[in-house]
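Subject: Structure for your review

Dear colleague,

Please find below the structure that I am handing over to you. My notes on salt bridges and cavities follow it.

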Amino acid sequence: MVASVPSNGSASEGPLAGLRVALVFPIFLDVELASHQDNARFLGSIPPLSLGYVASVLKGAGADVLVLDCPTLNMPLSRAVEVSRAFAPDYVGFTLATVDWLSSLAWMQRFHADLGAPIVVGGIHMECYPKETLTHRCIELGLVGHADQGLVDMLVAHQEGTDLRQIPGAVFRDEDGNVVVSEAVDRPTAEGDMPWPARELMPYDKHFSIVSTESNFTAAMSNFGCPYRCEFCILRGDALRQRTALSIVDEMEYCYREFGIREIDFFDPVFTMRKDRVLAICDELERRKLKGLIWSIRARTDALDQTLLDRMWEAGCRRICYGIESGSNEVLRRVDKRMKSTDHIGEVIKATKKRGYEVLAFVMIGNPLEDRRTVGMTRRMLTSLPIDLVQIASLFPLPKTPIYEEIVRRTGVDYWQQHILDGSPVHPVVRLDTSLTDDEINQLVTETYMHFYFRPSFARFALSRAKQPAQIRRGLEAAVGISKTFVGGAFV
Ligand code: SF4
């Protein structure tokens, strides 16, 4: 038996009973702004967990909720508007990321024009540019912070016409049209739980990741936030909100039994932040005997040891994704990655592979101090270590990060702010302490992909793990797409 199911509230009771909310995850039109086009295109159909959490909070308060996971449903804007109109929502919600701003804005403007229901926004973007965002009149309300810390109160206050200033994190326009941002509350840091994402409202049987091997597949979060301070990362220094081992395993079992999930990818950046919690998760998973369930995690190489590798393997973990970022110690130090050394990264990756795991490495190109020599070091690291899969991003300096703040300080221009206010272009990307241009970096990303994936050892690995024709097809599509980008890029 699953111990508890905190996500399932009644749709007929609670402070939002009778309210109808459509939550929309758009198809992003401006793939230029994704960290690298190929990543965005070939990553897979990952469930929009943020919207899932929002849906769950609203359902728990009694609202009727529609979730439109448009990329997975292959649902264009016009169809999304049509489906939403049939649902007759009182509110339409979006979670925003700064890099996807123009696409999200286009969707919100169309929804506003065609439906007229007030638009409510949240997401990490609202922690960066809440005022600028609400200058767009198509948006009625915003929230800074997690949905379970104020969304229900904010909607109740908006419905009743009471003062939104009392709601922590509420963003709204006052009677004179000025944007007001109420002070947000601190995130809870004690071990606890949030409602689980409302997967029952999503096309959960259509989700997959380019590296997943089992169906049905889903993503999950075991922590929120990250206490590390990598200078390129928008999550850096975010208060860590940890879930309990029991709640995590309850959610895994619920996914297993209710949705036929057989593979779960934990997307929080450092699953192994606390060893005792990971060991408790493994013990509980073994006790419940969820036959055929595999899972994967993201971790830092300095945040796990042989005991954890052994116990997680025994409990069904089959892939570990490491953010190694660069093969150059100099670059790692410059971005404050706080890894021990590239040699230590290599030792941990070898131990991980030896235990039987698939190893996926995340790397970036374009950080401060990057040049062709350091990219060469990264390539050598990727091909000399037993790494099975790699995802490569070109650095896109994001708001709230020290790299971006230094760029703003040196240039005097907050270009993301301008982008939010009036759509000013953010290309070419302004970079910090590297002479590599945008085009060179994109070319290096593609060449590094080619260097890694077009090797006989990778072909053998890919064929050995593909269990279904669809997996082989997806792998080939990714390879062909990357090749086309490379060939196209080579002649411009
Ligand atoms: S890169 Fe990873 S470890 Fe570093 S701050 Fe971001 S989430 Fe944390």
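Asp-193 is partly exposed, at 32% relative accessibility, where buried means under 20% relative accessible area, exposed over 50%, and partly exposed in between (1.4 Å probe, protein chains only). This is a predicted model, in which local features need pLDDT of at least 70 and side-chain atom pairs count only at pLDDT 80 or more, while totals for chains, interfaces and linings use all residues. Residues are numbered from 1 along each chain as its sequence is written, and side-chain values use heavy atoms, with hydrogens and water left out.

Asp-193 forms a salt bridge (a side-chain nitrogen of Lys or Arg within 4 Å of a carboxyl oxygen of Asp or Glu) with Arg-243, and the closest N and O atoms are 2.9 Å apart. The two residues lie 50 residues apart and link distant parts of the chain: Asp-193 is in the loop between strand 8 (179–181) and strand 9 (208–209), and Arg-243 is in the loop between strand 12 (241–242) and helix 8 (245–259). Helices (H or I, at least four residues) and strands (E, at least two) are DSSP runs, numbered from the N terminus. Arg-243 is buried, with a relative accessible area of 3%.

A salt bridge also joins Arg-319 and Glu-263, at 2.9 Å from N to O. This pair connects strand 15 (residues 317–325), which holds Arg-319, to strand 13 (residues 263–266), which holds Glu-263. Arg-319 is buried at 3% relative accessible area, and Glu-263 is buried at 1%.

In total, the structure holds 38 salt bridges.

Turning to the cavities, the structure holds two of 30 Å³ or more. A cavity is a set of points, on a 1 Å grid over the protein atoms alone, where a 1.4 Å probe fits but cannot get out; lining residues have an atom within 4 Å of a point. The volume is the space filled by probe spheres set on the points.

The largest cavity has a volume of about 40 Å³, and its lining includes His-146 and Gln-149. That lining has five nonpolar, five polar and no charged residues.

The second largest cavity has a volume of about 30 Å³. Arg-243 is one of its lining residues, as are Arg-199 and Glu-251. Helix 8 supplies the largest share of this lining, four residues. By class, the lining divides into six nonpolar, no polar and three charged residues. Here Ala, Val, Leu, Ile, Met, Phe, Trp, Tyr, Cys and Pro count as nonpolar, Asp, Glu, Lys and Arg as charged, and the others, Gly among them, as polar.

Yours sincerely

Note on methods
1 Å grid on protein atoms, 1.4 Å probe; cavity = no way out; pocket = protein on both sides within 12 Å on 5 of 7 lines; lining within 4 Å.
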